[in-house]
Protein chains: 2
Amino acid sequence: MSTHPPIHPIHFTSLLKASLLQWKQQVGKKGVWIKLPIELVNLIEPAVKEGFCYHHAEPDYLMLVHWIPVTNNTLPPNASHRVGVGAFVMKENGEVLVVQEKGGKMRGKGVWKFPTGVVEEGEDICDAAVREVKEETGIDAKFVEILAFRQSHKKFFEKSDLFFMCMLEPVSFDIQKQDREIEAAQWMSFEEYVAQDFVQKHDLPRYIAEICSAKRDERYAGFSPVSTISSFSKSQCNVYLNTADLSSS
Amino acid sequence: MSTHPPIHPIHFTSLLKASLLQWKQQVGKKGVWIKLPIELVNLIEPAVKEGFCYHHAEPDYLMLVHWIPVTNNTLPPNASHRVGVGAFVMKENGEVLVVQEKGGKMRGKGVWKFPTGVVEEGEDICDAAVREVKEETGIDAKFVEILAFRQSHKKFFEKSDLFFMCMLEPVSFDIQKQDREIEAAQWMSFEEYVAQDFVQKHDLPRYIAEICSAKRDERYAGFSPVSTISSFSKSQCNVYLNTADLSSS
């Protein structure tokens, strides 16, 4: 059921025309935003006819914007990247947590890979890594650090992708795999993981294996999260940095 | 001028109804995508009436999607993060490149800050840092590494932000400031930069100053880009990692 009372497009257009006239006379008025919930889809065409263009959309709304001044448009750009995480979870005996996925490009190939997933709206990278490991394997783990990350382009449509490879320390050990996405999950010796064709024959898994190997021998420092307060919004946010080097210096 | 011939909404609706009937009978058919350029804004309402919802939008188009199966929707999520860069550019004599911005929250406050900017669609983080330094100050510089990064949420609407602090080595030294965004640009002693109230009183600038200070004394390793080939798309992409630790191990 719609939570927005219907608005007739003709009524909306005359309101918009009057408002635009006013806004154009206001000194300092720059960008005008209209957020239209999907129930008001009938108002998109009138807004576009009055000079609005799209800014961004989510499943249930479209954000439109109109730039008033003749000077250069300084509107905030739309989000450009999806963010993913992978998790290197190693027991003290050197075994690593691996899964086989039911879907995706690896389906049915018998490849054992580290758990991976997508960072949700408003979620911290470190929390996403812990959540994905728990969801896919039932293992509780503590975030340690980001070992490396990859930036790639045009992963879907024109958007880009940032994938953060994280190291986690397991605090529980009994695997309870999730059925929807995961075919199998187990602890496997690191040597057996690295020996897979999939790791040896591809750049990224090979680099990650090399980094994990250096990390296992405590010869590698990644970036750890430090909680800070943002200067302007006064809200909490994480800064990721090489705390090992910073504290030793 | 429109590059898309007009389509009547009634004609579009009957085409769509027929196609949807067909797709629903096809085994394995999952997500159906419609990309509507802004000139075809009149077709959004008919598509929504047939069960499509929004996926994402850019200024000149709206992408709609309809999930056919009764099973869980596994559509790729929309982009969630904007990506920004800051540049620490230091000469051998210890002077750093700083600017005063014409706009933004620092306007008119006399604060000298490192050059910053937004990563463009499809642009590598390392290239964005070099481009922003060149655009704002005229200085040519070589990318060295990422020193740290910050993730923050709800920077604009519901979207998040990743800000990468980069170190660059200058290869030219005569400043030619850009007039549109930059009030002033200069080389300044690192000590003078750090002594500013703005740096001392806020978490992030203080952390960055501490990292830059450690970096200056070669006591800090960040993440450097390494060019790799993506396993699946066969395209080039950068992996950022602690190459100093990896090569010494």
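How many residues does the contact take from chain A and from chain B? I looked this up before anything else. The contact, meaning heavy atoms within 4.5 Å, takes 80 residues from chain A and 80 residues from chain B.

**Ground rules.** I am working on a predicted model, where local features need pLDDT of at least 70, side-chain atom pairs count only at pLDDT 80 or more, and totals for chains, interfaces and linings use all residues. Residues are numbered from 1 along each chain as written, chains are lettered from A, and side-chain values use heavy atoms, without hydrogens or water.

**Interface.** I looked up the buried area, which is the accessible area (1.4 Å probe) lost by two parts on being put together, summed over both. Chains A and B bury about 7,400 Å² between them. Carbon and sulfur atoms carry 67% of that.

I then turned to charges. Two salt bridges (Lys or Arg side-chain nitrogen within 4 Å of an Asp or Glu carboxyl oxygen) are counted between chain A and chain B. In a salt bridge, B:K159 meets A:E58 at 2.4 Å, N to O. On the side of chain A that touches chain B, strand β7 (residues 141-156) gives the largest share, nine residues. I took strands as DSSP runs of E, at least two residues, and helices as runs of H or I, at least four. That side of chain A divides into 45 nonpolar, 19 polar and 16 charged residues.

**Cavity.** I searched the whole structure and found one cavity of 30 Å³ or more. On a 1 Å grid, a cavity is where a 1.4 Å probe fits but cannot get out, and lining residues have an atom within 4 Å of a point. The lining includes A:V239, B:F149 and B:R150. β7(B) gives the largest share, three residues.

How values were computed: Nonpolar A, V, L, I, M, F, W, Y, C, P; charged D, E, K, R; others polar. 1 Å grid on protein atoms, 1.4 Å probe; cavity = no way out; pocket = protein on both sides within 12 Å on 5 of 7 lines; lining within 4 Å. Points joined across faces, edges and corners; volume = space filled by probe spheres on them.
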